[in-house]
Amino acid sequence: MWTNWAGNETATAPISRPLGLDQLRATVAEPENLRVVGAGHSFTPIVCGAERILDLSQLHLPTVGPVEDGQVWANANARLRDLSPALAEQGVAFRNLGDINTQSLAGAASTATHGTGRTLPCLAAEIADAKFIGATGDILTTSQIPLEMAQVTLGLLGILTEARINVVPKYNLRRRVTLTDLPDVLANMH
């Protein structure tokens, strides 16, 4: 049985876990209704009611490729928590991430999660190119479909397997946590 991260959604459909792209393409091409699960971070019932569930956690793809011109190809099913250190090893980072890093890149991008304004867009806006597995098992790229459609697909175009994303030079953030009484906060909040 599949359960999302919050435990409020479950599904009992058979779960496929392909190891490679050929297995993935064959699985997708089968006729039954299919739902893809990433990290299961959504609290919506999108997976419930599926005849089949596709879990890409075992899919063998390189986590990230080499950095070229401020961009890198990334395994779209990799979790953000795994992609960040892999990018850091190459001296680069995501421009912007939310405070939760358990999502897959595909899940966070396909749902336009975690933008922070015009200069720090969501992950979907950082996608410069993408590769999908279409409903018949065919491989689609952004040379065949408009980039804007590939950025926030909600799964409608197929399964996002790889994305070329914009990256920035690696940086460090410093977090400072303090406990302060409410009267002091109110007196000094501006």
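Colleague: How do strand β8 and strand β10 pair, and over how many bridges?

Modeller: Strand β8, residues 127–133, and strand β10, residues 159–166, run antiparallel and pair over six bridges, where two strands count as paired if DSSP finds at least two bridges between them. Within this pairing, K131 stands opposite E162 in β10.

Colleague: What should I keep in mind about the numbering and the model itself?

Modeller: Residues are numbered from 1 along each chain as its sequence is written, and side-chain values use heavy atoms, with hydrogens and water left out. This is a predicted model, so to speak of local features pLDDT of at least 70 is needed, side-chain atom pairs count only at pLDDT 80 or more, and totals for chains, interfaces and linings use all residues.

Colleague: Which strand order does the open sheet of four have?

Modeller: The order is β6-β10-β8-β9, with antiparallel pairing. Its edge strands are β6 (71–75) and β9 (139–141), each pairing on one side only.

Colleague: And how many helices and strands are there in the protein?

Modeller: There are five helices and 11 strands, taken as DSSP runs numbered from the N terminus, with helices being H or I of at least four residues and strands E of at least two.

Colleague: Changing topic, what share of the residues is buried?

Modeller: Of the 190 residues, 38% are buried, meaning under 20% relative accessible area with a 1.4 Å probe and protein chains only.

Colleague: What about contacts between residues at least 6 apart in sequence?

Modeller: Of those contacts, 62% join residues at least 24 apart, a contact being heavy atoms within 4.5 Å.

Methods. Buried means under 20% relative accessible area, exposed over 50%, partly exposed in between (1.4 Å probe, protein chains only).
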